[in-house]
Amino acid sequence: MKIALIADLHLNRGLYKGVMDEEFTELPFRSCDFMRAFRWSVQECLRIHPDMVVINGDVYDYYDPNNEVRGFFSTCLQALNSAQIPVFIITGNHDVCMKH
C-alpha cells in the first residue's frame, strides 16, 4: 500500500505581506510559495497514484483563510478526487480557532 503523507501546508502563511505574487495577485508571494509546493505535491500524487493521501494537519496557518486560498485548496482536492485517490485530513492546531 502506498500512502502519501503531506503535513503543515500553512497555505495562508502571512509573511512578507507587502510583496504581492505575480500568479495569485491578491496574495503575498511567500504565501504563494507554500501554495505552489502543495500544488507540486498534488501533481506528484497524480503521477504516482498512491492508495491514499493523508494531510496531517495545519492546512492553513490560521483558521480563517481568504476565499482565494480556500478555492486553491479545493481545486487541488478536486484533482485528487477526480483521480479517485482518497484524501484524509487531520485537523491541526492552526486550523481551529483558539477561542474554542
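This report describes three loop residues of a predicted model, Asp 51, His 10 and Gln 84.

## Basis of the description

The model is predicted, and local features need pLDDT of at least 70, side-chain atom pairs count only at pLDDT 80 or more, and totals for chains, interfaces and linings use all residues. Residues are numbered from 1 along each chain as its sequence is written, and side-chain values use heavy atoms, with hydrogens and water left out.

Asp 51 sits in the loop that runs between helix 1 (29–48) and strand 2 (52–56), where helices (H or I, at least four residues) and strands (E, at least two) are DSSP runs numbered from the N terminus. With a relative accessible area of 39%, Asp 51 is partly exposed, a class that falls between buried (under 20%) and exposed (over 50%), using a 1.4 Å probe and protein chains only.

Leaving aside residues up to four places away in sequence, Asp 51 touches Met 1, Lys 2 and Pro 86, contact being heavy atoms within 4.5 Å. Asp 51 and Lys 2 are 49 residues apart in sequence, yet their C-alpha atoms are 5.2 Å apart in space, and the side chain of Asp 51 reaches the backbone nitrogen of Lys 2 at 2.7 Å.

## Two residues with positive phi

Most residues other than glycine have a negative phi. His 10, which is not a glycine, has a positive phi of about 45 degrees; this residue lies in the loop between strand 1 (3–6) and helix 1 and is buried, at a relative accessible area of 12%.

Gln 84, also not a glycine, has a positive phi of about 60 degrees. Gln 84 belongs to the loop between helix 2 (67–82) and strand 3 (87–90), and it is exposed, with a relative accessible area of 69%.

Conventions: A polar contact is a pair of N or O atoms within 3.5 Å; within protein, one must be able to donate a hydrogen and the other to accept it, and residues adjacent in sequence count only if both atoms are side-chain atoms.
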